[in-house]
Amino acid sequence: MRQTRSRPHDPPGERPVVSPFLDLPPLTAADFAAIEDKVAALLHTTADVIVTQGEALLPLEAAIRGAAHPGSTALNIVTGPYGQTFGNWLRSCGAEVVDLAVPFDSAVTAGQVEAALREHPAVDFVSLVHAEAATGNTNPVAEIAAVVRAHGALLMVDAVASVAAEPLLTDAWGIDLCVIGGQKAMGGPAGVSAVSVSARAWERIAANPAAPRRSYLSLLDWKERWTDAGRTVLPHAPAQLEMLGLGACLDRIAADGLPAVIARHRAASAATRAGVRALGTLTPFVPEDAHAAPVATTLRTPAGLDATALAAELLRLDPALPVQPGGGALAAGMLRVNHYGQAAAPATVRAFLTALATATGADGAAALEAADKAWTAAADS
């Protein structure tokens, strides 16, 4: 409810709105830099981190347009819809693109990547999504990164759906461009994102005559006007509320401990999958547990059960459930359960399974028991 208060100098009858979102003190350059440093700690990197003022598609496109150019050859790994988007951007940059596509209900392997690189030795840029929240799969980035580094190519990783849900060791794995967003496992705002940029990546971008300049997509502008200038004067007014939200979720992760946050997401995924299997009405869209992303569980509905209608019924039963139908062509046959941030909790998993049992006319007791056991086993592992 909005709060109001009158002040002696207000015109008669007028009561100004008082809100925690208004009249905030300015976000200083030091505040902004401190948040960047917290992101770097979360990513386990000493590379430059640039916090971008927009949803994560902004730094993803900026990274591709900075590194790709006519004459370059990119290996674009497609394990879901975002990989398809990256391929379109790479082609629009004039790069020669080799797509390595696998079924959306599985993961790519390092062996497949190595074979593609052997077949296409000119590849100098590789794009990869760590976890696809839209399809519920996750890829073995550490193993893939080792293959890419041995080949000598630059590696860009979309870690928006994996950061804070899975281990992400940017420097140790050799990731050159690592993009994150705050709205999924981090439990933060959607309107702010970040990218870490290795020294190799900066060299590649600086040498690219087609890299954006004087543009919202220009990482070089940020580097020159902000990072290299000592981070003392912001190049533009920051998105203050989003930055405060990002700082707050980073502080909460630090307070909880990153290993504990990762363990919660792993347990939420394992418990949901176990409960659904015990219930017997839906099946995991990603069959292999090792390929399942901890940030979201995707479920395949049987013939005759429309996922969009099921999601609507579940939300009618419990409007707080983090469920939605799949996107696009998957809308009719896939249900998605998000384990974002604080939703990665036993109570949320149990509430979902209870509602699913009610909506499908099944007995939920066995599902709840299976979920509880799986949560305990995953949390203790």
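1. The chain exposes about 16,000 Å², and 57% of that comes from carbon and sulfur atoms. Accessible areas here follow the Shrake-Rupley method with a 1.4 Å probe, and for residues only the protein chains shown count as cover.

2. A word on the background: this is a predicted model, in which local features need pLDDT of at least 70 and side-chain atom pairs count only at pLDDT 80 or more, while totals for chains, interfaces and linings use all residues. Residues are numbered from 1 along each chain as its sequence is written, and side-chain values use heavy atoms, with hydrogens and water left out.

3. For the overall fold, expect 13 helices and 15 strands; these are DSSP runs numbered from the N terminus, with helices (H or I) of at least four residues and strands (E) of at least two. The radius of gyration is 22 Å, close to the 21 Å from the globule rule for 381 residues, so the chain is as compact as a globular protein of that length. That radius is taken over C-alpha atoms, and the rule is 2.2 Å times the number of residues to the power 0.38.

4. Of the 381 residues, 53% count as buried (under 20% relative accessible area; exposed is over 50% and partly exposed lies in between, with a 1.4 Å probe and protein chains only). Among contacts with a separation of 6 or more, 68% join residues 24 or more positions apart, a contact being heavy atoms within 4.5 Å.

5. Lys 223, in helix H8 (residues 219–227), is buried at a relative accessible area of 18%. Beyond its neighbours within four places in sequence, Lys 223 is in contact with Asp 48, Ile 50, Trp 202, Asp 228 and Ala 229.

6. Finally, find Thr 85 in helix H3 (residues 81–92). Thr 85 is partly exposed, at 27% relative accessible area. Its C-alpha lies 9.8 Å from that of Leu 57, 28 residues away in sequence.
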